[in-house]
Amino acid sequence: MAEICKRTYRIKCLLLSTMKNLLFVLFFFLLIFTNKLSGQSYFLDQGFTSGATVTTCSGKFFDSDPGGNYNPNENYTVTFCSGTSNKIIQVSFTSISIAAGDTLFSYDGNSIDATVIDTFTNSIQNSLSYTPSLSNTSGCITFRFVSNGSEERSGWEAVVRCIFPCKQMISGNTFSLPAKDPAGYTNICFGDSVSFSVETKFADNNIVYHQDDRTSIFHWVFGDGKDTTGTNLRSVKHSYTSAGGYYARLTITDSNGCTNNQPIRMPVRTSLKPVFNILPPPYICLLDTAILKPAALINGQATVTTSGGSFVTLPVSGDSVFLPDNPPQCFTSSIVIEQFAPNQTLQNLNDLQGIYMNMEHSYLGDITISIEAPNGAKVFLKTTVEGSANDGTFLGEPVDESLWGDPTDNNFAKVRGKGFEYFFNNAPQHATMWDEASKHSYSYTDNAGQIITNHYYLPAGSYKSEESMLSLIGTPLNGKWTIEICDKQAIDNGFVFNWRVEFKKSILPNAETYTVPAVSQVWVGAPGLVSLYHTTALISPPTSGTFPYTYHVNDAFGCTYDTTIKLIVNPIPAKPNLGADTNICTGGSLILTAANFETGNNYHWSTSQKGISNITINQPGAYWLEASNSKGCKNKDTVVVMRVDPFTVNLGSDTLLCGLRANTLIPKASTNITGWKWSTGDTTSTYATSTTGQYWVEGKDVKGCRVRDTIEVSNNPVTFFELPNDTSFCEGSGYMLTLNPNPGTAITWNDSTTSYSRLISKSGTYSLTADYKGCTHKTDVTVAVRPLPVFNLGRDTTICNGFNLLLKATYPGASVRWSTGARDSAYTATQSGMYWAKATANECVYSDSITVTYKLCACDIKMPNAFSPNGDGINDVYRPTIKCFPRNYHLSIFNRDGQIVFNTKNYQHFWDGRFNGADLPVATYYYTLTLFNQDLMENEKKSGSITLLR
C-alpha cells in the first residue's frame, strides 16, 4: 500500500493504508489472544502460582500476560511434571520474545538446583522443544523467569504434552540399486538415479509403546541439498545431476517423536567426467598426416585423466520459496550441514563467509529476514521499520503489480522476477539494508514486460546484519540451519530462488576423496585412420572435408564417455608446372614460367619472389615454385637448371683516370667471340672512357652463350691531393707540416726535399709536386709567424716579513693570468713563493716567473714627534712606522695630567688628535708603545713626546 501512495493519490492512499494496517493489527492481536486462551492454559496466578508444580500432559504454557507483554520486576518459577507414570513431560515453544535484561531459565529437573538446559535474554526464538534427559529421574522440567523494569515484550507460548522416554531403539539396513560395492559405496554415473530402500528394526518395540513403519516418519536427505519426507516412506528414488560424492542419510521418527540414535548413512559416488585434453590441429591439408592423442602421460603412455572427486559439498536449499501476498505469514527453508567434524563449532565470525540468498521482492518494508543456527541461536539480518520513506525499495528486479492500477489486482503476483544475490557477513561492503535503501536507483524492464524507471533498489552484494551476528559464535557447524522470511504487509510479494551458508574452506576437515580410473579407451575413426598405437591415432584422410574421430572411455563405475574430434581437411592447390629440367649458359639468363598459374592462389618462388608466374635466372641450380591457397595448403614443383659451355671474359684489374686523359678498356676472352656488348650500349671490341664508373662488357660465343665481366674506373687519388690551408704559428714555436697522401705517392718539395713531413720555422710559401702511378699534381701553402707578448717580472728577490712586492706583466693588448688565478696586469706578492704570469695575445702565450722570499728583519720603529690634524690631507694622523709584523701591539697617548687620550692594540689604528669625539688643543702629549717582534722573538718598547699642531 505504501508503494501506491507514492503516486497521484498519495494523501487518500495514506489514509487507506493507515486504516487497513490498524484493522490488520487489531485482528492479529485478537487472533493471538483468542488462541492463547483456548484449551488448558498455564500462566502466573492462572493455573499455577510461583513455585508451584504442575502435573499434566496437555495444555499451553504462557508468560504472565497472554494478551500482552509480561510485567516488570517479575521473579517466579514453575515445574512441569508428567501426568502419566510411564511418560515424561515435553514443552515445545512456538515463540519466545524476551527483552534485554530479562531472562527465562530452563532446568533439567524438579527445581532450580537442577542442571540448566537453556537461557533466553534479549532473544526472539521459535520452534524449540525441551524434554528431560535420561538421567533426570524426576521426568520434570523447571522454568524460572526474572524481569526488570526497563522493557517488556510479548513473552512466550509453549505446548505442553507427555511422551514416552526415547529408550526404544530404532535402526535399519539400507539397500540401493545399483547395489553397493564391497566398500559400501553406491557408484553411479552422474545424472543417473539411485533407488534407496530400508528394512527397519525396532528392537525394543512394544516394551513401552508400539513402533511401526506405518506410523513412523522417514526423512531421506540425499546430500545434494535435496530431501523428502513421508510416513512409511521406506523406499525412494533420487537423481544426482552433479558430479561428486554425497553422504545420503535417513532419519526415522516414530509416533512418540523419537528418532534413531545412530545415523543411517549411504555414501554415493558419481562418476567423474574424464579430462580428454585432446588438442587436434585446427585443420590439415590434403595428403598431410595428423596425430590425435590425449595430452596427458602416465608411464609414458598418452591417456585421459579424471579430476578427483570430493565428498565436501555444502548443501543449497532446493525449490524456490514463494512469498505470497497474504500476511502476516512467515516462510522457512532449512538445510542440513554435516561436512564438519563432530562437535566442531563456529569460533570466529570471519570463518563464516556469508549467509547467501538469491531473491527478489518488491517492498523492502514488508519483510524480516532471520537465520537460525543448529543450537537455536537466531539473528535478525533484516527487520522492518514501519513508516519509513523508503519502504518501497526493490530487492532484485521484481514484477511489482502495485505499480500498475489497482493493487488488489494480482495478475502479476506469481510472475517471477530476476533475483539478485544478497549476503550477510562480518566484513560487508554495504551498511544495513535499511541504511542503503535510498542510495541506489535503476531502470529495467521486468519479466512481465513492464518498464520500471529510476526506482530505488538494493544492488547485489554483502550487507551488514541489523542484529549482531556474535550470537552465532559457539554454534555447532553441523546440523539444521533455517532461514525465515516473514511478510508483514499486503500487496507486495517476492521469491527466494535459493540460499546457502558458506564457510571458509580452511576450517573444513580433510575431505574424503576418490578417483574413478578409466578401464578402457579407444579411437573409433572415420576414413583416413591409418594406424593405431594404444591411444595414439595416425590420421591421413583421403579427400578434403570434415572427418569426425571419436574417443571412447569406459570407467570403473561402468560409465561411458566420449568426445568427438572433428578434423578439417582442406584441399590443396593444383601443382605448378615448371616443365622439364633444362640448361643455362654460363653468364646467361633463363626465364622459368609456370604453365598453370591460377589466380586466387599465392605463389612463392625459391628466389623469394612472390605473386608472379615467371622469373629470370642467371645461375644453374634447383628452382621451385610453391602455390598456397587461402587456407595455407601448399603444392610445389621443382626444375633443375644445369650450366653448359663455360668460357671467360676479362677486362683486367680496376683502373684509374689521370686528369682528362682517357683510358681504353680492352676485354680478353677464352674462346672466339662473335659479338661484344658494353654497358654503355656500344658494340665495339674496345671502349675508351674519361669518366669514372662501373663498366661491363658481355661477350657472346657461337652457341649464343653470353659471359660478362665488370671493371671499376676511378679517379687517381693524386688528383685530389692538396696541402693544408694557409696557416700561422707563434714566434719561436715552429709548425710541423705532415702529409698523408695515398700510399705509394712520391713527394718533391720546391727545395728538392722528398719527405712526407717538415718543420717550418719562418714565414713563406711552400710548394710540392705529388706523383702517384705516373699521374702528378702540384699544390702549395703559405705560413706566417705571429709575435709573442713578451714581459719581465724581474729577478728573484728577498724582502722583510710583513711587507708587499708589486709585480707587473704588461704587454699591449694582452690578457694576463697569474698563478694565483688573478687576471690584472699587476699583482702584489705578500708571502714567499714562486709567482708566474701568462700573457696571451695574437693567440700566442708568453710566461715569466719570479721567486719572492721573505726574511726576518728588525722592526726599525720610527715614532714621529709631531703631526697636524687640520684636515689638509698632510700629516693628519699620528702614524708610527714599523718594518716588521708586530704582535701584542699596544699604543697609549697621555696628556700632561697623565690622562689617556688615545689607546689601541691595532697597529693599523691611528690617532686623529681627538678625545671622546672632540678636537684636543695644541700641546705636547706623551706616548708609550710596546710590541713583540715575532721574527726576532723579542719585545720592543718605545716612549716619548708628541707635539700636536693645528
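## Close-up views of a predicted model

View 1. Met-359 touches Ile-367, Ile-369, Leu-395, Gly-396, Lys-418, Gly-419, Phe-420, Tyr-422, Ile-485, Phe-495, Val-496 and Phe-497, leaving aside residues up to four places away in sequence; a contact requires heavy atoms within 4.5 Å. The model is predicted: local features need pLDDT of at least 70 and side-chain atom pairs count only at pLDDT 80 or more, while totals for chains, interfaces and linings use all residues. Residues are numbered from 1 along each chain as its sequence is written, and side-chain values use heavy atoms, with hydrogens and water left out. Met-359 is listed with Met-357, Trp-481 and Phe-503 as having the most contacts inside the largest nonpolar core, which has 45 residues. Such a core is a set of buried Ala, Val, Leu, Ile, Met, Phe, Trp, Tyr and Cys residues joined through side-chain atoms within 4.5 Å; buried means under 20% relative accessible area, exposed over 50% and partly exposed in between (1.4 Å probe, protein chains only). In soluble globular proteins, nonpolar side chains tend to be buried together.

**View 2. Thr-228 in strand β17.** Strand β17, residues 227-231, contains Thr-228; strands are DSSP runs (E, at least two residues) numbered from the N terminus. Thr-228 counts as partly exposed because its relative accessibility is 27%. Beyond four places in sequence, Thr-228 touches Phe-218, His-219, Trp-220, Phe-222, Leu-233 and Val-236.

View 3. Strands β42 (residues 529-533) and β43 (residues 536-539) run antiparallel and are joined by 4 bridges; two strands pair if DSSP finds at least two bridges between them. Leu-529 stands opposite Ile-539 in β43. Between the strands of this hairpin there are 2 residues, and His-534 takes a positive phi near 60°.

**View 4. An open sheet of 4 strands.** The strand order is β60-β65-β64-β62, with mixed pairing. At the edges are β60 (727-730) and β62 (746-749), each pairing on one side only. Strand β60 runs parallel to β65 (residues 775-786), to which 4 bridges join it. Thr-727 has Val-783 in β65 as its bridge partner.

**View 5. Confidence along the chain.** The protein has a mean pLDDT of 86, with 91% of its residues at 70 or more; pLDDT is the predictor's confidence in each residue, from 0 to 100. Residues 1-38 stay under 50, and the model has 43 contacts beyond four places in sequence for them.
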